[in-house]
Amino acid sequence: PTMPDDTLYEFERNLSRADVATYLRTIADELDDSGELDFSSDEQSTTVRVPDHVEFEVELERESNDRDSSEISLELEIEWYETRDGSIAGPGSLDTE
């Protein structure tokens, strides 16, 4: 049996470019330091430990809409595997026992 998908934290808000930079800098500092990322907002809070090696993806895309304009999105994605007990299995090294 597979583990169900579970959204651990979600954040979407209109921010200034400078505030986005501050947010990303905080994440970068935490990755550089302990590798533990703390996410919290008014409604939710969670901490996750990021392993030393991960899969990192950058995607920049343009989506046209009906109003003669386009939405540009930049997605930064960090992925790794964890086992059923929550321990880290690493990037692309999912162990199926």
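Of the 97 residues of the protein, 12% count as buried, where buried means under 20% relative accessible area, exposed over 50% and partly exposed in between (1.4 Å probe, protein chains only). This is a predicted model, in which local features need pLDDT of at least 70 and side-chain atom pairs count only at pLDDT 80 or more, while totals for chains, interfaces and linings use all residues. Residues are numbered from 1 along each chain as its sequence is written, and side-chain values use heavy atoms, with hydrogens and water left out.

**Overall make-up**

- The protein has one helix and six strands; helices (H or I, at least four residues) and strands (E, at least two) are DSSP runs, numbered from the N terminus.
- Read from the N terminus on, the order of the elements is α-β-β-β-β-β-β.
- The protein exposes about 8,600 Å², and carbon and sulfur atoms supply 44% of this area (Shrake-Rupley method, 1.4 Å probe; for residues, only the protein chains shown count as cover).
- Among contacts (heavy atoms within 4.5 Å) between residues at least 6 apart in sequence, 32% join residues at least 24 apart.

**The E1–E2 hairpin**

- Strand E1 (residues 36–40) pairs with strand E2 (residues 45–49) in the antiparallel sense over five bridges; two strands pair if DSSP finds at least two bridges between them.
- Four residues lie between E1 and E2 in this hairpin.
- Phe39 stands opposite Thr46 in E2.

**The nonpolar core**

- The largest nonpolar core has five residues in all: Tyr9, Ile27, Leu37, Phe39 and Val50.
- Such a core is a set of buried Ala, Val, Leu, Ile, Met, Phe, Trp, Tyr and Cys residues joined through side-chain atoms within 4.5 Å.
- In soluble globular proteins, nonpolar side chains tend to be buried together.
- Not counting residues up to four places away in sequence, Leu37 touches Ile27, Glu30, Leu31, Thr46, Thr47, Val48 and Val50.

**Leu8**

- Leu8 lies in the segment before helix H1 (17–32).
- Leu8 counts as exposed because its relative accessibility is 55%.
- Leaving aside neighbours within four places in sequence, Leu8 is in contact with Gln44 and Thr46.
- The C-alpha atoms of Leu8 and Thr47 are separated by 9.1 Å, although the two residues are 39 residues apart along the chain.

**Asp68**

- Asp68 is found in the loop between strand E3 (55–64) and strand E4 (70–79).
- The phi angle of Asp68 is near 55°, a positive value in a residue other than glycine.
- Asp68 has 80% relative accessibility and therefore counts as exposed.
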